[in-house]
Amino acid sequence: GTATLETCLFQVPQVVCSQCNKLSAAIARLLIGDSIKYISLVNIIADSPVVCELIKSDFNVDRLDMEFQKIVGDSRQQILEGYARVDCLLGGKGASDRTAENIIGIVKGSSGAKGEQLA
């Protein structure tokens, strides 16, 4: 899951492929339901098909070749624009630093087990 997001943040166009057996698909549906439209974090965060997902029967050599041809051609810029939207949704540059600062602020404001301030 995180590899697709890392690939997005490194600005590398990709095709996401997944092939699972019927039992795995049934278990996934039980755990996450039918509300999830996408399997890649990139598309889930964007709530739109930024990258092509070839799932189950869609995942074959001909379709994979066709999608690779698209990402080295016409679709490349569209994917990169989608990546920019995802980056913005994640908070853009410095998001990790801001998150760490927020966590430190929360921890410093919390009381320890003996009523002491946490350092």
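Is D47 buried, exposed or partly exposed? With a relative accessible area of 48%, D47 is partly exposed, where buried means under 20% relative accessible area, exposed over 50%, and partly exposed in between (1.4 Å probe, protein chains only). The model is predicted, with local features needing pLDDT of at least 70 and side-chain atom pairs counted only at pLDDT 80 or more, while totals for chains, interfaces and linings use all residues. Residues are numbered from 1 along each chain as its sequence is written, and side-chain values use heavy atoms, with hydrogens and water left out.

**View 1. Salt bridges in the model.** The count is three salt bridges, a salt bridge being a side-chain nitrogen of Lys or Arg within 4 Å of a carboxyl oxygen of Asp or Glu. Side chains of opposite charge can pair when their charged atoms come close.

**View 2. The K37 and D47 pair.** A salt bridge joins the side chains of K37 and D47, at 3.1 Å from N to O. Helices (H or I, at least four residues) and strands (E, at least two) are DSSP runs, numbered from the N terminus. K37 is exposed, its relative accessible area being 56%, whereas D47 is partly exposed at 48%.

**View 3. The R63 and E67 pair in helix α4.** The side chains of R63 and E67 form a salt bridge with an N to O distance of 3.1 Å. Both residues belong to helix α4 (residues 61-71), where they are four residues apart and separated by about one helical turn. R63 has a relative accessible area of 26% and is partly exposed; E67, at 6%, is buried.

View 4. K70 and E67 are three residues apart in helix α4, about one turn of the helix. The relative accessibility of K70 is 36%, which counts as partly exposed. Salt bridges link R63, E67 and K70 in a network.

**View 5. K22 in helix α2.** K22 is placed in helix α2. With 77% relative accessibility, K22 counts as exposed. From C-alpha to C-alpha, K22 and A84 are 35 Å apart in space, and 62 residues separate their positions in sequence.
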